[in-house]
Amino acid sequence: MARDERDDSRLTEPKGSRAGFRPRRGESRDRFGRFTEWVARAMGTPWFLVGLSMFCIVWLIYNVTAPESWRFDSSANGFTALTLILSLQASYAAPLILLAQNRQDDRDRVQIEQDRQRAERNLADTEYLAREVVALRLAIKDVATKDFIRAELRSILEELDRDREAERAREREDAAAAAAETDR
């Protein structure tokens with residue numbers, strides 16, 4: 001098989017220095033999508049409205065006050081050129097804004113799906129942890145608690161105290177018996 005020289009140059013040259021304008025398959029859609037979002041964001045700002053208003057005001061003032069030979073849009077015709085320009089701007093703005101909204105809807109849909117999956121994982125993790133806590137509680141029932149150990153230690157200490165008292169009593173009895181034998 002013969003190697004294509006074009007493919008080798010793509011790997012040996014840095015990405016920015018490659019010749020050619022043709023964007024990759026998904027890149028042109030993304031670039032246009034970013035452009036539509038930029039247009040939608042720009043048209044939704046007060047600066048756009050101020051700029052468009054200023055443009056119309058300057059247009060109207062110029063075409064009313066300029067000498068008749070310099071005017072390019074007649075007030076007698078209802079400023080037809082201005083109307084056409086604004087109609088053209090609106091006819092392009094509406095679809096661009098809709099495209100930007102569609103892209104946002106797609107992103108929202110993906111985000112909602114990811115949130116749903118994350119919620120399912122969190123629910124599964126929570127259920128697992130709840131089962132583990134229940135298992136630990138059941139296991140702890142068989143384990144001695146502090147109170148149980150304290151009670152057992154107290155009973156052992158009481159038993160040891162009784163044994164000591166009994167041993168001391170025996171020692172006293174033995175000492176008394178030994179003293180009685182020595183007195184005889």
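These legends describe close-up views of charged side chains in a predicted model. Residues are numbered from 1 along each chain as its sequence is written, and side-chain values use heavy atoms, without hydrogens or water. In this predicted model, local features need pLDDT of at least 70 and side-chain atom pairs count only at pLDDT 80 or more, while totals for chains, interfaces and linings use all residues.

**View 1. Arg 116 and Glu 113 form a salt bridge.** Their closest N and O atoms are 2.4 Å apart. A salt bridge here is a side-chain nitrogen of Lys or Arg within 4 Å of a carboxyl oxygen of Asp or Glu. Side chains of opposite charge can pair when their charged atoms come close. Both residues belong to helix H4 (residues 80–141). They sit three residues apart, about one turn of the helix. Helices are DSSP runs of H or I with at least four residues, numbered from the N terminus. Arg 116 is partly exposed because its relative accessibility is 38%. Glu 113 has 33%, so Glu 113 is partly exposed too. Buried means under 20% relative accessible area, exposed over 50%, and partly exposed in between (1.4 Å probe, protein chains only).

**View 2. Arg 164 meets Asp 161 in a salt bridge.** The N to O distance is 3.8 Å. The two residues are three apart in helix H5, so about one helical turn separates them. Arg 164, at 48% relative accessibility, is partly exposed. Asp 161, at 42%, is also partly exposed.

**View 3. Glu 165 pairs with Arg 168 in a salt bridge.** The closest N and O atoms lie 3.4 Å apart. Both residues are in helix H5, with a spacing of three residues, about one turn. Glu 165 is partly exposed, at 43% relative accessible area. Arg 168 is partly exposed, at 43%.

**View 4. Five residues are linked in a salt-bridge network.** The members are Asp 30, Arg 34, Glu 37, Arg 103 and Arg 107. Across the whole structure, a search finds twelve salt bridges.

**View 5. Acidic side chains form a negative surface patch.** The patch holds Glu 159, Asp 163, Glu 167, Glu 171, Glu 173 and Asp 174. Patch residues have over 30% relative accessible area and no salt bridge, and like charges are joined within 9 Å. Asp and Glu count as negative. Glu 167 lies in helix H5 (residues 146–183). With 43% relative accessibility, Glu 167 counts as partly exposed.

Terms used:
Patch = residues over 30% accessible without salt bridge, like charges linked within 9 Å, V, L, I, M, F, W, Y side chains within 5 Å. Areas by Shrake-Rupley, 256 points an atom, 1.4 Å probe, with all protein chains shown as cover. Charge placed at Lys NZ, Arg CZ, Asp CG, Glu CD.
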